[in-house]
Amino acid sequence: MADQNKTGTDAKFYNEILSPSELFAARSRSHKIPVRGQKDFFPDDSDEQRQRLEQSLTEHWSLISEERVEKLGNLVKATWVPSEKVVELQSPAGKFWQTMGFSAGGKQFLFPEEALYLMECGNVQVFYQELPLSIQDGYEKFLSSSTVRLQEYQVFGHLKRLGYVVLRFDPSSETSSYAKQLNLPQSHDRSGKQLKRKRSASPTTPSSHTEAQEESTADRMEEDTCSRESQEDKKYPESHRAISPKTSSTQTATASPEDGGGGTTWWMEDVVGERSDQQPASAASRWDFSSIFFPDLGASRELLSSCLASPHPSLLPGALAVGVCDVDPWRSRINLRDVKMSLKEQMREEEKRKRRSDINKNREVRNCRNWAEYRELMERREERRSKGRPAHLWDGEVTPLHDPRQPIPTGELLDKISVIKSTNLLEGASRLQASDEWRISFNVYQPDTVADFKKSNQGKPYARMCVCSFDGPVPDLRAIKQLAFRSGDVPVVFAVVDYGDISFYTFKDFQLPTDVFL
Amino acid sequence: MATEGVETTSEDVPVPGKVSTRYDLEKETELRFEVEAGEAVEQVELELLTGMAEVFGSELNRNKKYTFGAGSKIAVFTWQGCSVNLYGKPEVAYVSKDTPMLLYLNTHAALEQMRKQAERDNERGPRVMVVGPTDVGKSTVCRLLLSYAVRVGRRPTLVELDVGQSGVSVPGTMSALCIERPADVEEGFSVQAPLVYHFGSTTPGTNIKLYNKLTSCLAEVFSQRCEVNRKASVGGCIINTCGWVKGSGYQALVHCASAFEVDVVLVLDHERLYNELKRDLPHFVRVVLLPKSGGVVERSKECRRDTRDEKIREYFYGFRGVTFYPFSYEVRFSDVRIYKIGAPSIPDSCLPLGMSQDDTQLKLVPVTPGRDLTYHVLSVSSAEDGEEGARKGIVESPVCGFIVVTNVDTQTQVMKVLSPAPRPLPRHTLLIMDIRFMDMK
């Protein structure tokens, strides 16, 4: 009030001094903001809709065109400095200084968005070229792509009106990635772990592929040898047959057994049928069971003569001499006792019998001469069986993710079969090239911290704002990662402006639940 | 010896209170008699008067009285004809002409032929597996063949895989025994330094995995012995199996054949088993079907249990409980480690992913000594008393002896044991058996 005279002359051009009655009217004016109501999406050409729209419009127009009455003393004077794109305060700042503005070179400045907001609130009057700026001028002059875009200002204003402390985000104030690594060993760990995981999951298909090929060629070779052997086998029976009459004749010749000197002839007596019992194509085993005679009651009747010749006394204890043995009565006495089996068991046995075939029908088995060879064969088969995986799955370029023959812990397996890798927001973000398309505009502090807020020591923001619009593209993963990395451990909120409406979105890390804990 | 004995009717020495019955046997016939089972039963004595006779392959001495206790089932066979006297009152006694002895003898002849060939070619002798259902005379055939083999100068090995009715050691074990002389008519084979493995139960079904593992162990040890001992190699082995021939039992037989690399399988009186083995064993294994003897008696469950009990008693007290004097002393819980082989099986759904049930069957589970340990038979494992690291080998280590827990005092943490040797225990790793023994007599 003291310098009213001085300002009075200046104010002549632009100040209307209101009469008391006008002031009173302005004061008792309704402060209600018109209700926006439901949004109509389609014109239905009805009078009702038109009226409603008209009414709403006039309400808004009247609101905007309303003259604002401010107390001159409450207005802080400031000047717009276009070269610096800041507003310099000319008179002492008000309460807003706690959360807005900055000092430089002994002067106090406001950022354009702050100045505009304060203008709208009726706290600041900005002059440019000695003339006061209207709010409309402010919008035109202050908002530009080099300072603050309209959308950003909308977000700024919105948050300010809600009570948040909103400050410009200064990228340089953020710690460098190197400092982050030092301060945040966790993120370092994460990336290390990731690398490791990637290495373990690297596909081994090329090597296994060649292995399979080798195996298949080996198989072929084996087939070849087998077929050759089979040819030899075919020759064998003939020679065998050629021998048999001779042996039978020697038998008749050696009717009476003689000791030792007779060499092998003395146990040739019972040979007759036994020889043909042997499968002709099988390889000779160590024991020639055609000459070593067991009283096998299971052998067919023509193979086992009904009368057993007496064994040679030299084979028997106490130099026994025993007579012939009649086998026939014993045949009928085999297995007189019933096998006790339930019906179910019987059926199962029957089923099993049908399914299983004589292993000796296989040529490879018949070619084995002893257990060592047989076991080797079994091992080979086992190996082949495990290697003989379905060709249509493994021979192509695309193979199953995991070879079931190689047992690995379940955790690793799950990791291996997860086609879409789960990712962390900060994962690999440090390596991304910074782009200008997306940037963080503001640091936001919660309203309840305003009382303790210090501009010199701002502390950790509650959130950081990235402003975009529904017209623009949706931020891609790359942008999100980059911003998240830039922001560090403060969440980035995307404020999406749709003309007057602002929606807030945020992306958060979360872990898909796994049912295996390792 | 071989000459026919003069038909002298030896004047019957009157045995007070005993009836004497004389039997004249024609050649290739046998006298079968059974002694009643039960307590305080009169023993039956056998005496060969003239001729020659054998009991399960062991020859009888003339004018020597052989005593058979309760529950004995004996067949006296003669190749040439003989006369014997029985003193006492057997439950049954009859002469039978119907014996498959000639077939068994022919089998022996064939095996001997193989041994001769092995000797000549510097190879290993025949390995024979005797299989068949229960109560067909598997053990008897084994004894017969082993006795015959020893009598012609061989050194065969008896491999006893019948965990229920072991002929070598206590039940619940699997063992191998080198046979150097024919079986004693009364006692059977003399048990000297057998190789015994702990199985722990009387049926292989309780832990078939362990059963197969121990079979492989025995086979490996036997093969090693064959490499260094030429005589044992030529003598080969005769494997006695248990009477379980279905399902896993059958698989165990096939596994055993493969582990021992058997050359001959003797199937006693079971045509189906014969056909199955013919199909599942490679062609170079000779599978032979033999009849069972008509004299084979089916043993009841109780009878088997009594035999088992008797076998354990014999281990501690000697034959007929008169030869050995076992020791009884106290063992502190802290001095021994007691394990059970095989964790209890749990349903697959309760296992962690990627684990299979098989892993548990060979696992050693520590047993906390408690009152329920009483009367259990424990094997003293020959595994070195190492720390935890040595636990791995315990399953595959042979047993050096057995003890029975007679009393457990949980207050003083001490148990009283019956042991064949005085204290201290040779080793401190004990394996618990399912089998219990009450020292009652």
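# Exercises on a predicted two-chain model

A:Pro473 touches A:Glu437 and A:Trp438, when residues up to four places away in sequence are not counted, and contact here means heavy atoms within 4.5 Å. This is a predicted model, in which local features need pLDDT of at least 70 and side-chain atom pairs count only at pLDDT 80 or more, whereas totals for chains, interfaces and linings use all residues. Residues are numbered from 1 along each chain as its sequence is written, chains are lettered from A and ligands numbered from 1 in the order in which they are written, and side-chain values use heavy atoms, with hydrogens and water left out.

## Exercise 1: placing a residue

Find where A:Pro473 is placed, and decide whether A:Pro473 is buried or exposed.

*Solution.* Step one is to locate the residue: A:Pro473 is in the loop between strand E11 (463–469) and helix H17 (477–487) of chain A. Here helices (H or I, at least four residues) and strands (E, at least two) are DSSP runs, numbered from the N terminus. Step two is to apply the cut-offs, by which buried means under 20% relative accessible area, exposed over 50%, and partly exposed in between, with a 1.4 Å probe and protein chains only. A:Pro473 has a relative accessible area of 52%, so A:Pro473 is exposed.

## Exercise 2: how helices pack

Describe how H5(B) packs with H6(B), and how H3(B) packs with H5(B).

*Solution.* Two packed helices are described by the angle between their axes and the distance between the axes. The axes are lines fitted to C-alpha atoms, for helices over the stretch in contact, and the angles run from 0 to 180 degrees between N-to-C directions.

Take the pair H5 (residues 247–260) and H6 (residues 271–280) of chain B, which pack at an angle of about 50° with their axes 11 Å apart. That angle makes H5(B) oblique to H6(B), since angles under 35 degrees count as roughly parallel, over 145 as roughly antiparallel, 65 to 115 as roughly perpendicular and the rest as oblique. H5(B) passes H6(B) in a right-handed crossing, where a crossing is right-handed if the near helix is turned clockwise from the far one by less than a right angle, and left-handed if anticlockwise. In this contact, B:Tyr250, B:Leu253 and B:Val254 of H5(B) meet B:Leu273, B:Glu276, B:Leu277 and B:Asp280 of H6(B). By class, the contact has 5 nonpolar, no polar and 2 charged residues; Ala, Val, Leu, Ile, Met, Phe, Trp, Tyr, Cys and Pro count as nonpolar, Asp, Glu, Lys and Arg as charged, and the others, Gly among them, as polar.

Now take H3 (residues 208–228) of chain B and H5(B), whose axes come within 9 Å and cross at roughly 20°. H3(B) and H5(B) are therefore roughly parallel to each other, and their crossing is right-handed. The residues that H3(B) brings to the contact include B:Tyr211 and B:Phe222, and those of H5(B) include B:His255 and B:Phe260. By class, this contact has 9 nonpolar, 5 polar and no charged residues.

## Exercise 3: the two chains

State how many helices and strands chain A and chain B have, and what share of each is buried.

*Solution.* Chain A comes to 17 helices and 13 strands, and buried residues make up 29% of its 518 residues. Chain B has 8 helices and 23 strands, and buried residues make up 55% of its 441 residues.
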